[in-house]
Amino acid sequence: MSKGVVITFMLVLFVLHQDFWFRDDATLVLGILPVGLAYHMAFTVVAALAWLVIVRFAWPKYLVEEENEGSEQ
Amino acid sequence: MTQTLIVVIYLVLLLVLGYFSSRLFRGNSNDYFVASRSIGPLVLFMSIFGTTMTAFAMVGSTGESYRVGIATYGKVASSSALIHSACFFLVGLPLWALGKRNGFHTQIEFFRARFESSKLGYLLFPILVGLIIPYLLVGLMGAGSVMQGVTRGAFPEIFTSTGGAVPPWLTMLVISCVVLYYIFAGGVRSAAWANTFQTCVFIVMGFIAFVTISSKLGGMQAASAMADPGKAVRAGNLTEMQFLSYCFIPLSVGMFPHLFQNCLTAKSAKSFRLTLVAHPIAIMITWIPCILIGLWATGAVMPDGVTPVIPEGTSPNAVLGMMVGKLATPIIGGLVTAGIMAAIMSSLDSQFVAVGTMFTKDIVVHLFGKERFSETQKVLLARGFICTIVFVTYLFTLAEPRSVFSLGIWCFSGFAGLFPLVFAAIYWRKATKAGAYAAVIGSALSWFILFRESDYGANGSYLVGGVMPVAVIFATCAICMVVGSLFTQAPSQETLDKFFKKKD
């Protein structure tokens, strides 16, 4: 489960990161942020959310076992 | 004068923090090197984040944004937001578990055990230390450049050769001494606490710099409108292949010796959860103000409406210091400079501790045995080696300066190029000793050849067939590892059981 989720997230985010769509667009979002920069800011937030999902739902089993062993010792 | 005074007060505060964290030091090498594996989620996150953000992130990113525009964020920061956390998850967590189970303190101990080779450590040690030196250089040079930019004209009678600014050699000397003091006081625990404090400082001060500069330029909209539109896009500043191959650079965190050591300080695997999620956001909070300041610098003019804030031909290293020095009040300028110093020192401290730990554990104790030295002697040996490396680095800073960003990229390229080594060690049962030797030698040779071709980093636009050199170094390492491993005998069953039995 965890490997599949992580690999899927990584591949999707890697493709999204390439940003072919705003590479030559100089529009300023809200008159401040170049759209290419705003896109990568949004990408960063999505990456953090992806890690939140992974941490919450795809935490590796071996680490749980490691923690349990540590608490038993 | 005011700026210098504020920076001095900040450095004194750090010395006080170092003194108090030394009271927590338990006096043994386990505490000095991995803080007795007792660091919780918040300090772990602040410590790891503070360690990865250095002069490269503040001084380098502003200068690079000034030079090639907003593509700087995409090529390094947003890719790092994804890949750094991936490295912590795929490399940091397994190494933490293996380190805890087997008592490793350094990367080299791990590689020696995994590849059943003592000599591999002697091969890796000079390479890892050699790659850390440019990283230290980046920090020290960044500190020197910023302080010089901010204090221009403050001491006309004392520092005549620098136009009255505090000369870089003096800033670098003071910074080195302060960091040495607080890590000598309490080792990695002191570094972790100092990093936590310094990370808060540089995030807050970066924000203050951003607000002050934008206000002085007439607001954020006015500042963005003034900027060179050619720098507000990626096209024309960076090719697609360059942008793609830059993605290899953040893999360097998987091989940084100081991050390996930081990971080992974690109290539990759960301590990493906050780091995985918050690290991308913290990168954004730190980088975006710097990228925008660099972009604004391309068109910013002084209040007279004519004189450019950044004169043509200015070194990219000086852009942040000049923007702060010319557009902020002396008090704000001083606070921001203290914040930049905080970012720089929060990396230097972990790097200093890591080189000391590697020397003591991987060379001295490995050669002479655990019983040969007392705990106090081990700590003293680490401190002695740290001083030597700092001295060597300091001598390098006096040579011809390089762009902080370019030098940082070469340093990261070396570590990222070695990433296949650690990845194969953790995930590929068939990875062998011969494969590891081939990978290390192959990547070191390819790094050196390409670094020399780039005129030792002076050519900041150097590419190999249109891609970043890191892609070639990475490929060389991966191919050497695979070929070397496929044609040699697999590790013993005992070793495989030790390293592979519990991962899902």
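The legends below describe close-up views of a predicted model. Residues are numbered from 1 along each chain as its sequence is written, chains are lettered from A and ligands are numbered from 1 in the order in which they are written. In this predicted model, local features need pLDDT of at least 70 and side-chain atom pairs count only at pLDDT 80 or more, whereas totals for chains, interfaces and linings use all residues.

**View 1. The two domains of chain B.** Chain B is divided into domain 1 (2-399) and domain 2 (419-504), with bounds from an automatic or database domain assignment. The C-alpha centres of the two domains of chain B lie 26 Å apart. In this view, 22 residues of domain 1 of chain B are in contact with 22 residues of domain 2 of chain B; contact requires that the C-beta atoms of two residues, placed from the backbone, lie within 7 Å. On the side of domain 1 of chain B that touches domain 2, two or more residues each come from helix 5 (71-102), helix 6 (107-114), helix 7 (119-150) and helix 10 (240-245) of chain B. Helices (H or I, at least four residues) and strands (E, at least two) are DSSP runs numbered from the N terminus. Helix 7 of chain B gives the largest share of this side, four residues. By class, this side of domain 1 of chain B holds 15 nonpolar, five polar and two charged residues, where Ala, Val, Leu, Ile, Met, Phe, Trp, Tyr, Cys and Pro count as nonpolar, Asp, Glu, Lys and Arg as charged, and the others, Gly among them, as polar.

**View 2. Packing of helix 4 and helix 14 of chain B.** The axes of helix 4 (residues 55-68) and helix 14 (residues 330-368) of chain B come within 8 Å and cross at roughly 130°. Axes are lines fitted to C-alpha atoms, for helices over the stretch in contact, and angles run from 0 to 180 degrees between N-to-C directions. Helix 4 and helix 14 of chain B are therefore oblique to each other; angles under 35 degrees count as roughly parallel, over 145 as roughly antiparallel, 65 to 115 as roughly perpendicular and the rest as oblique. Helix 4 of chain B contributes B:A55, B:A57, B:M58 and B:V59 to the contact, and helix 14 of chain B contributes B:I340, B:A343 and B:I344. This contact has seven nonpolar, no polar and no charged residues.

**View 3. The side of chain A that touches chain B.** The contact takes 32 residues from chain A and 35 residues from chain B. Helix 1 (2-17), helix 2 (35-57) and helix 3 (61-72) of chain A each supply at least two residues of the chain A side. Helix 2 of chain A provides the largest share, eleven residues. The side of chain A that touches chain B has 17 nonpolar, seven polar and eight charged residues.

View 4. B:Y73 is found in helix 5 of chain B. With 33 other C-beta atoms within 10 Å, B:Y73 is buried; a residue is buried if 20 or more other C-beta atoms, placed from the backbone, lie within 10 Å of its own, exposed if 12 or fewer, and partly exposed in between. Leaving aside neighbours within four places in sequence, B:Y73 is in contact with A:L37, A:H40, B:S78, B:W287 and B:I291.

**View 5. Positive phi in two loops of chain A.** A:D19, not a glycine, has a positive phi of about 45° and is found in the loop between helix 1 and strand 1 (28-29) of chain A. A:D19 counts as partly exposed, with 17 C-beta neighbours inside 10 Å. A:L30, not a glycine, has a positive phi of about 60°. This residue, A:L30, is placed in the loop between strand 1 and strand 2 (33-34) of chain A and counts as exposed, with 9 C-beta neighbours inside 10 Å.
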